[in-house]
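Thanks for making the time this morning.

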Amino acid sequence: MKTRVYHILSLFLMCTLLGCSHSPTVISPNSNIFTEQLTLEQNWLNTLKNGEYTLDHPFLLHDPYDNSPLSYLLMFNTPQMSTVSYEVVGHTPETSFTYETSELSQTHQLILTGLYPNEVNTVHLKVTTST
C-alpha cells in the first residue's frame, strides 16, 4: 500500500474564499431539484471524462450545487485504484473536518466542505493506492 499526501493550499481556495460573497440561487417552483442536481452531476462527469485531470492538476469548482458557497468540488483520476481522504484544517484540532472514501476507484469526486469564510483554508489530501 502506497500513500501520497498533498496539500491544497491558497493557490486554489484563496481567490474565492477571501471576501467570499455569493448571490443566492433561485429555484423555480416548476423545477425539480433532483433533476437539476442530476444534470449538474452529469456535466461534471463529462468534464472529468473529457479532460486530463490528475492529482497534480485536478478539476476544482467552487459551490458546485449553487447553494453552499463554502464548498468546492474536487475531481481527478489516478492511474491505480485508490482511496482518498481529506482534512480541512480547523482553528483547533477539534474543529478540523475530515472525510475518507471507502471504495477503491480510479475516478475521484469529492465535495470539500467545512471551509472557513474570508480566510485561507488549508486542505490536506491523501491518496492511498492498492498495490
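This is a predicted model: local features need pLDDT of at least 70, side-chain atom pairs count only at pLDDT 80 or more; totals for chains, interfaces and linings use all residues.

Tyr86, Phe97 and Tyr99 form one aromatic cluster, where rings of Phe, Tyr and Trp (for Trp, its six-membered ring) pair if their centres lie within 6.5 Å, and where planes under 30 degrees apart count as stacked, over 60 as edge-to-face and the rest as tilted. Residues are numbered from 1 along each chain as its sequence is written, and side-chain values use heavy atoms, with hydrogens and water left out.

The whole structure holds four aromatic pairs. One of them is Tyr53 with Phe59, which is edge-to-face because the ring centres are 5.4 Å apart and the planes stand at 75°. Tyr53 is partly exposed at 23% relative accessibility, whereas Phe59 is buried at 15%; here buried means under 20% relative accessible area, exposed over 50%, and partly exposed in between, with a 1.4 Å probe and protein chains only. Tyr86 and Tyr99 make a tilted pair, with 6.0 Å from centre to centre and 45° between the planes. That pair links distant parts of the chain, since Tyr86 sits in strand E3 and Tyr99 in strand E4 (residues 97-100), 13 residues apart. Tyr86 is buried at 3% relative accessible area, while Tyr99, at 41%, is partly exposed.

Let me place those strands in the chain. There are two helices and six strands, and from the N terminus the order is β-α-α-β-β-β-β-β; helices (H or I, at least four residues) and strands (E, at least two) are DSSP runs, numbered from the N terminus.

Which residues touch the most other members of the largest nonpolar core? In that core of 13 residues they are Leu74, Phe76, Val84, Tyr86, Leu110, Leu112 and Leu125, a nonpolar core being a set of buried Ala, Val, Leu, Ile, Met, Phe, Trp, Tyr and Cys residues joined through side-chain atoms within 4.5 Å. The elements giving two or more residues to this core are E3, E5 and E6, and E3 supplies the largest share, six residues. Apart from this core lies another, of five residues, among them Trp44, Leu48, Leu73 and Met75.

Thr83 is also in strand E3 and is buried, with a relative accessible area of 17%. Beyond four places in sequence, Thr83 touches Thr101, Glu103, Leu104, Lys126, Val127 and Thr128, contact meaning heavy atoms within 4.5 Å.

I will finish with the loop between E2 and E3, where Ser71 is found. Is Ser71 buried or exposed? At 3% relative accessibility, Ser71 counts as buried, and a polar atom of its side chain lies 2.7 Å from the backbone oxygen of Ser68.

Asp66 lies in the loop between strand E2 (59-62) and strand E3 (72-88), and is partly exposed at 37%. Most residues other than glycine have a negative phi, yet Asp66, which is not a glycine, has a positive phi of about 60°. Asn118 likewise has a positive phi, near 60°, and lies in the loop between strand E5 (105-112) and strand E6 (123-129).

How values were computed: A polar contact is a pair of N or O atoms within 3.5 Å; within protein, one must be able to donate a hydrogen and the other to accept it, and residues adjacent in sequence count only if both atoms are side-chain atoms.
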